[in-house]
Amino acid sequence: MAREAVIIDALRTPLGRRDGMLRDWHPVDLLAHVLSGLIQRNQLDPALVDDVIAGCVMQVGEQAVNVARNAVLAAGFPESVPGTTVDRQCGSSQQAIHFAAQGVIAGSYDVVIACGVESMTRVPMGASAASPGRPFGPLMQRRYNNSSFNQGISAEMMAEKWKLSRQQLDEYSLESHRRAARATEQCFFSREILPIGLSGAGTATKDEGIRPDTTLEKMATLKAVFKADGVVTAANSSQITDGAAAVLIMEKRKAELLGMKPMARFVEFALAADDPVLMLSAPIPATRRVLERAGLKLEQIDRIEINEAFASVVLAWQKELDADLSRVNVNGGAIALGHPLGASGARLMATLVHELLRSGNRYGLQAMCEGGGMANATIIERMN
């Protein structure tokens, strides 16, 4: 009988702004918080976990030396539980989910946790490339004519290629804040957010970056960040954020033996890669590939989470695929909630699976653009 990978549960921390409410949390402890919370909520013996696979982008300083294994130990798991850390840039924890589910299907795992963490306050973006030397060697530089591999410039290139105006980007971004504020007010995030204690006092239960009172007029006052005459601003880009998220994945029959009720099953996975200078366009071929493999059409997908690295990424994807935006990021995205790099893939999956259960819909799609011109895409199906 074929093995099937299912999601038992998924949760995340509330997301904190850079230098905000999570600034005093060491990233190892931040990830440990969601690992222990996932185990406790599901009353699972942690000794049963075959592996913990974590996404993390800046694997230096406090996030160095295999943050996954360190978080496993910090969470109080038995020393027999291993952990490994992967880097596929912004899609790192979505890749962790792929590796975990594929390991279950292959027979390597019965119980596995895919997760991710990024403290962008304590380990700044770009820190892993700050040591002497360049990550892009002479051969790569020669191939791309010494081009800039800068995501902000790439976001501008996306807007130019797909003829997206500043107003379109700002309008999309405003809607992201509105949707996130509405979801928060209506407690749509309550099952996916694991409250976390703050060093000053109290407990955080809500995302810190949502701006329910922002307006197009306020957004219009901001200058372009990456290009003097550009359209990409802080308002239509993802927020620099701290956070962690985790997904508990099992083989279906193992879940039944343990008395666990799966939330969803994995239908299909896909990867794609595109021009590393344009960089942010690969969700388009990744979406096409995962749909083809699943034998589905985009209109059959009820809920879609496309990471809002920049508004231009989502709008270019929508324009190319003629997607219905009423099904996309229905509870807001990284422009409002934040983008804690290595944690974002697991955060999107937590939001997607809980939204499928809340809405009673069937199919969900997740896709993310990634540094180097790559993308992951995943389709899941609700089971209860």
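**View 1. Arg 358 and Glu 355 are joined through their side chains by a salt bridge with an N to O distance of 2.9 Å.** A salt bridge is taken here as a side-chain nitrogen of Lys or Arg within 4 Å of a carboxyl oxygen of Asp or Glu. The model is predicted, with local features requiring pLDDT of at least 70 and side-chain atom pairs counted only at pLDDT 80 or more, whereas totals for chains, interfaces and linings use all residues. Residues are numbered from 1 along each chain as its sequence is written, and side-chain values use heavy atoms, with hydrogens and water left out. Both partners belong to helix H12 (residues 344-359), where they stand three residues apart, about one turn of the helix; helices (H or I, at least four residues) and strands (E, at least two) are DSSP runs numbered from the N terminus. Glu 355 is buried at 3% relative accessible area, while Arg 358 is partly exposed at 40%, given that buried means under 20% relative accessible area, exposed over 50% and partly exposed in between (1.4 Å probe, protein chains only).

**View 2. A salt bridge links Arg 362 to Glu 381, with 2.7 Å from N to O.** Because Arg 362 lies in the loop between H12 and strand S11 (363-370) and Glu 381 in strand S12 (residues 374-382), the pair ties together parts that are 19 residues apart in sequence. Arg 362 is partly exposed, with 44% relative accessibility, and Glu 381 is buried, with 11%. These two residues also take part in a network of salt bridges that links Glu 4, Lys 252, Arg 265, Arg 362 and Glu 381. The count of salt bridges comes to 17.

**View 3. Within helix H6 (residues 166-185), Arg 179 and Glu 175 are four residues apart and so separated by about one helical turn.** Their closest N and O atoms are 3.0 Å apart, and the two residues form a salt bridge. Arg 179 is buried at 15% relative accessibility, whereas Glu 175 is partly exposed at 28% relative accessible area.

**View 4. His 177 is another residue of helix H6, and its relative accessible area of 3% makes His 177 buried.** Apart from neighbours within four places in sequence, His 177 is in contact (heavy atoms within 4.5 Å) with Gly 209, Ile 210, Arg 211, Thr 214, Met 219, Gln 239, Ile 335 and Ala 336.

**View 5. Helix H5 (residues 151-161) and helix H10 (residues 311-321) cross at roughly 35°, their axes coming within 9 Å.** Axes are lines fitted to C-alpha atoms, for helices over the stretch in contact, and angles run from 0 to 180 degrees between N-to-C directions. The crossing of H5 and H10 is left-handed, a term that applies if the near helix is turned anticlockwise from the far one by less than a right angle. On the H5 side, Ala 155, Met 158 and Ala 159 meet Ser 312, Val 313 and Ala 316 of H10. The residues of this contact comprise five nonpolar, one polar and no charged, where Ala, Val, Leu, Ile, Met, Phe, Trp, Tyr, Cys and Pro count as nonpolar, Asp, Glu, Lys and Arg as charged, and the others, Gly among them, as polar.

**View 6. Gly 76 sits in the loop between helix H2 (67-74) and strand S4 (83-86).** Gly 76 is exposed, at 57% relative accessibility. The C-alpha atom of Gly 76 is separated by 19 Å from that of Glu 62, a residue 14 residues apart from Gly 76 along the chain.
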